Amino acid sequence: MRSISFGQATVEATAAAMREDETVVVAGEDIGWGGNFGQFNGLLEEFGPKRVLDMPISEALILGSAVGAAVTGLRPVASLSFVEFTMGAMDEIINQAAKFRYMFGGQVSVPMVVRASDGVLRSSGAQHSESFEAFFSHMPGLKVVAPSNPADAKGLLRSAIADDDPVIYLENKKITFRKGVVPEEDYRIALGEASVARSGSDVSLIAYSVMAQHALEAAQILLEEHSVEAEVVDLRTLVPLDIESVLTSVAKTRRAVICHEAWTFGGFGAEISSQINEHLFGELAAPVLRVGARSAPIPFSPPLERELVPEASEVVEAVLRTMKL
Amino acid sequence: MAADFNDMETNREAYRKLFLIRAFEEKLEALFAKGKIPGFVHTYIGQEAIAVGVCANLRTDDYVTSTHRGHGHAIAKGIDLNGLMAEVFGKVTGICKGRGGSMHVADFSKGILGANGIVAAGTVIAAGAGLSIQTRQEDQVVICFFGDGGINKGTVHEAMNFCSVKKLPVVFVCENNQYAQFTSRKLTTSVSDLSLRGAAYGMPAVSVDGNDLLKVVEVSKAAIADARAGTGPTLVVADTYRFGGHYVGDPQAYRSKEEVAERRRRDPLLLFEDHLVQQGLADKEALESERESILELVDKAVAFAEQSEYPEVRSVTDYVFTDVTEA
């Protein structure tokens, strides 16, 4: 089997969607030449400028026009390079895309995808490093996808484009160039289905996006150095949330550590933790722990950046703490 | 389709629409005062000639984006009156099944892409509808209604630039009713002639007396024909005046009674009525009879809304997503 990068995998998913459905269009900043991470490579050449639109740096327009296009017959995929840029279009995401179907009594669906890169990568600074999935997940009407590897990235993007509701598709910068085995054929992975990326009996690591990769690294270290068998549940989709897979795993291991790059305070991990406690309170062997960033904007200086944002070693530490509790 | 105002029936139909908007909203004012409808109501009274004049040139498959002051646009574009009234009451028979309310009425089957509670939000949505038309190679057009309050929003800049670059079939209709909520346009806007804004986008711009129905028809007919022909967007600035407050119940401390009385002398409904009588297109008795039948329609809509049920409370999370009922 061949290996390709996360970015290339998303190109394959987009091209397949565009070949299948002529209403699929791609619009965004700097996509004609391939995008910052190669995630649009070759699309302009194959599909032409009517379907691959280089947009002005007008975030509200990019996402607002996607809403307008989506309710009048197109299936737009809108890209905003860095997730911080969605802040210039929050009205279009939150007040328009998310609410149209409900507010208008089910008259329309809004089939659009918002693609944005998130997470830290080599000192990109406070406005190009953050993770906002908690904002988007909080808002009813949005689906939120955060894949951790190229194979999932391809299948999930294919489903996101085919989905009739607005989907926020978050692609972590640290893993976008990372390669993995990806089937050549066209396939979909349903939204709302977590995967058990590694089986184990001692503790459940609940993660998504880049932290699912760090959780897998941590699980290997835990086994080799501490004889702890960790199970890794990769959520893949935050909304709809596959809480059943989480509860099944935690009911078995009785310990859970939730891992994300975003800030711990008010983060998505709080939702998972709360649901675990609501369903499994009496069965837990230890309190649910969270691994995430402390509450500060992402700093520039490399040691500060590393201090703030967790990787595998922080996951290992948290697991060792929970094993002693 | 482009309306022919040499035709008597076309004139009568325009009059009926003008009066229907007026009668519908005056009824809402009365109902609101009696506490019969929840939420806020923003009326379009005084501005009716703009929606009716522009929409007279549209087909059913053309699109409009609207504002928080959207009943007039919706009625002019052909929304079902009972569904509109029931929506304002929050009933399940409402056009949005009671999920939207006065500020969020929409009828996608009539190309009404929604009244919108966010000022100038419709501009970028209109741009997307225009892009959709161009991509599908259709000859529909989009009318983007917005106000002098909206013209200072960044979305207007982003949308106008893009529509001009791509020559999208969008007509921007800025209804200058002189007040951004409670604040005079004069305190907030860099130019007194709002049509000057068009030049920044290389976009043709034209000003029109928004209280003169036939002038609105004429100006918008040309802009719509250009958009349909693929030559690109136009900015139409229609000068008008909001007869009521920002919302029903607004004490209006920011303007004088004299100013309102002065502007009410140019009531678009009365101006058009005078025109019809003077030109021999209708006599006063005939118009009186039109008004009576419209008042009956409005009363029937109220009865329909009052007799309708509220939505079942267990349906509260219906319509969030297309294919899942709970996140």
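**Entry 1: the sheet in chain B**

I began with chain B, where I found an open sheet of five strands in the order 1-2-3-7-6, paired in parallel. I note that the model is a predicted one.

Strand 3 (residues 170–176) and strand 7 (residues 234–239) of chain B run parallel and are joined by six bridges. For Phe172(B), I found the bridge partner in strand 7 of chain B to be Leu235(B).

I also asked what helix 5 (residues 121–136) of chain B lies across. This helix lies across strand 1, strand 2 (142–147) and strand 3 of chain B, and runs at about 170 degrees to strand 2 of chain B.

**Entry 2: Gly98(B)**

I located Gly98(B) in the loop between helix 4 (81–89) and helix 5 of chain B. Is Gly98(B) buried or exposed? I counted Gly98(B) as buried, because it has 21 C-beta neighbours inside 10 Å, and the cut-off for a buried residue is 20 or more.

I then listed the contacts of Gly98(B), leaving aside neighbours within four places in sequence. They are Glu87(B), Gly90(B), Lys91(B), Val92(B), Tyr310(B) and Pro311(B). I also looked up Leu281(B), which is 183 residues from Gly98(B) along the chain; the C-alpha atoms of the two are separated by 40 Å.

**Entry 3: the domains of chain A**

I turned to chain A, which is divided into domain 1 (3–181) and domain 2 (195–324). Taken over C-alpha atoms, the centres of these two domains of chain A are separated by 26 Å. I recorded 24 residues from domain 1 and 23 residues from domain 2 of chain A in the contact.

On the side of domain 1 of chain A that touches domain 2, I identified the elements that give two or more residues: helix 6 (133–138), strand 6 (143–145), helix 7 (150–162), strand 7 (167–172) and helix 8 (173–176) of chain A. By class, I found 11 nonpolar, eight polar and five charged residues on this side.

**Entry 4: helix 4 of chain A**

Which residues of helix 4 (residues 90–97) of chain A are buried? I found Asp91(A), Glu92(A), Ile93(A), Gln96(A) and Ala97(A). What covers these buried residues includes helix 3 (59–70), helix 5 (100–103) and strand 5 (113–118) of chain A, together with helix 5 of chain B.

Notes. Residues numbered from 1 in each chain as written. Chains lettered and ligands numbered in written order. Predicted model: local features only at pLDDT ≥ 70, side-chain atom pairs only at ≥ 80, totals over all residues. Pairing = 2+ DSSP bridges. Helix = DSSP H or I, 4+ residues; strand = E, 2+ residues; numbered from the N terminus. Contact = placed C-beta atoms within 7 Å. Axes fitted to C-alpha atoms, helices over the stretch in contact; angles between N-to-C directions. Domains from an automatic or database assignment. Nonpolar A, V, L, I, M, F, W, Y, C, P; charged D, E, K, R; others polar. Buried ≥ 20, exposed ≤ 12 C-beta atoms within 10 Å, placed from the backbone.
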